[in-house]
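Let's work through some exercises on domains, pockets and cavities. Keep the model open beside you as you follow each solution.

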Amino acid sequence: MKIIKKSSFFKVVLNAYLIDHSQPSNINYLWNFGSLLGLCLGIQIITGVTLAMHYNPSVAEAFNSVEHIMRDVNNGWLVRYLHSNTASAFFFLVYLHMGRGLYYGSYRAPRTLAWVIGAIILILMMGTGFLGYVLPYGQMSLWGATVITNLISAIPWIGQDIVEFIWGGFSVNNATLNRFFALHFVLPFVLAALALMHLIAVHETAGASNPLGVPGYYDRVPFAPYFLFKDLITIFIFFFVLSMSVFFMPNVLGDSENYIMANPMQTPAAIVPEWYLLPFYAILRSIPNKLLGVVAMFASLVAILALPFTDLGRTRGLQFRPLSKILFYVLLANFLILQQLGAKHVESPFIEFGQISTALYFAHFFILVPVVSVIENTLMDLYQTNNKSR
């Protein structure tokens, strides 16, 4: 039996994925988000490990250790700002990546497995982002952790016990920070493994889809050098934008309350999570019942898994489906509205707007998509029948 060396195996795999793997020749720059997301994950792991060397997960020292990183560690401010700003870029690119997938029907078979893994990655990313937001232990970190973890208490009978188990006590304390820090350190490596599975699921089924929504068996070109250099263009743009953010406006997306040391005796005027969690936070707050609100928030993340089954259209993607295209832009506008509502106080008229937007969000995946798909199929049949009769 011929034994393949490990080095040769990795060369074969890298060659198959980054050099010789053929792609449809007509894919555009919207297909570059995958490489940018891989770059973001790499930056997060490298900067995160570096920050972990100086961070102290203690209620008394967490805030001061972050200040120590910023002031005393050589280039510590750069590492921290890279970590925090790349986190925002990571979520921004993930939302763009998912939006492209929704528009071009990347959830349809044979890419359903890749879509499911992508949804799991999104949920895990949100958990990792929340854990990281708690670690600086500013005012918003403490109260955000208290409010979000308290949501689990809505589970009947065992909810409060689970909350106290997560806290390691009766409130957010040293045990909580230690657990959150350990999980925040480990989960990015789990994300890397899932990202690799996602990549394998895409490449081993049918490869990348294309803007026309038709099988691209012909007119294909190798990944290198064509798409490799195409990816490099967006990578250079990404580094330019990230550098502008890190060097000139590193705190533009941060909450000023989080630059005050956590005080359990003083509640902030408004508890607002990071911007990338706001749409789902708005869904949570739009439902008066605590348990139903928690269920709705998690259901809003899982709802995207219904698309492979509720989209009954005969063509992949929305390029040639005008009604579905309008529906997509309505979903996009509604998502942005939910993001704005998530940062507002729980008062009228924001409560009513939130309830309407939440209902529209769920209706999109479970009602509007299948209904519009059937209408478009019917119109297509009528068009073909009229053409044949002529």
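A salt bridge here is a side-chain nitrogen of Lys or Arg within 4 Å of a carboxyl oxygen of Asp or Glu. You are looking at a predicted model, in which local features need pLDDT of at least 70 and side-chain atom pairs count only at pLDDT 80 or more, while totals for chains, interfaces and linings use all residues. Residues are numbered from 1 along each chain as its sequence is written, and side-chain values use heavy atoms, with hydrogens and water left out.

**Exercise 1. Describe the interface of domain 1 and domain 2, including its salt bridge.**

Step 1: find the two parts. The chain splits into domain 1 (16-271) and domain 2 (285-389), with bounds from an automatic or database domain assignment. Their C-alpha centres are 25 Å apart.

Step 2: count the contact (heavy atoms within 4.5 Å). Domain 1 brings 31 residues to it and domain 2 brings 25.

Step 3: look at the area. Interface size is often stated as the accessible area lost when the parts come together. Here buried area is the accessible area (1.4 Å probe) that two parts lose on being put together, summed over both. About 2,400 Å² is buried between the domains, and carbon and sulfur atoms give 69% of this. On the domain 1 side, Y103, Y107 and R108 lose the most area to domain 2, together 30% of what that side buries.

Step 4: R108 pairs with D311 in a salt bridge, and their closest N and O atoms are 3.5 Å apart.

**Exercise 2. Which residues lie nearest the centre of the largest cavity, and which helix gives the most to its lining?**

Step 1: On a 1 Å grid over the protein atoms alone, a cavity is a set of points where a 1.4 Å probe fits but cannot get out; a pocket is an open set with protein on both sides within 12 Å along at least five of seven lines; lining residues have an atom within 4 Å of a point. Grid points are joined across faces, edges and corners, and a volume is the space filled by probe spheres set on the points.

Step 2: search. The whole structure holds three cavities of 30 Å³ or more. The largest has a volume of about 980 Å³.

Step 3: read the lining. Of 45 lining residues, H83, S84, G132, Y133 and H184 lie nearest the centre of the largest cavity. Helices are DSSP runs (H or I, at least four residues), numbered from the N terminus. α4 (76-103) gives the most, with nine residues.

Step 4: sort by type. Ala, Val, Leu, Ile, Met, Phe, Trp, Tyr, Cys and Pro count as nonpolar, Asp, Glu, Lys and Arg as charged, and the others, Gly among them, as polar. This lining has 28 nonpolar, 13 polar and four charged residues.

**Exercise 3. Where does the second largest pocket lie relative to the domains?**

Step 1: the second largest pocket has a volume of about 830 Å³. Its lining has 36 residues, with G127, F130, I148, M297 and F298 nearest the centre.

Step 2: α5 contributes the most to this lining, eight residues. By type, the lining of the second largest pocket holds 30 nonpolar, four polar and two charged residues.

Step 3: both domain 1 and domain 2 give residues to the lining, so the second largest pocket lies between them.

Notes
Helix = DSSP H or I, 4+ residues; strand = E, 2+ residues; numbered from the N terminus.
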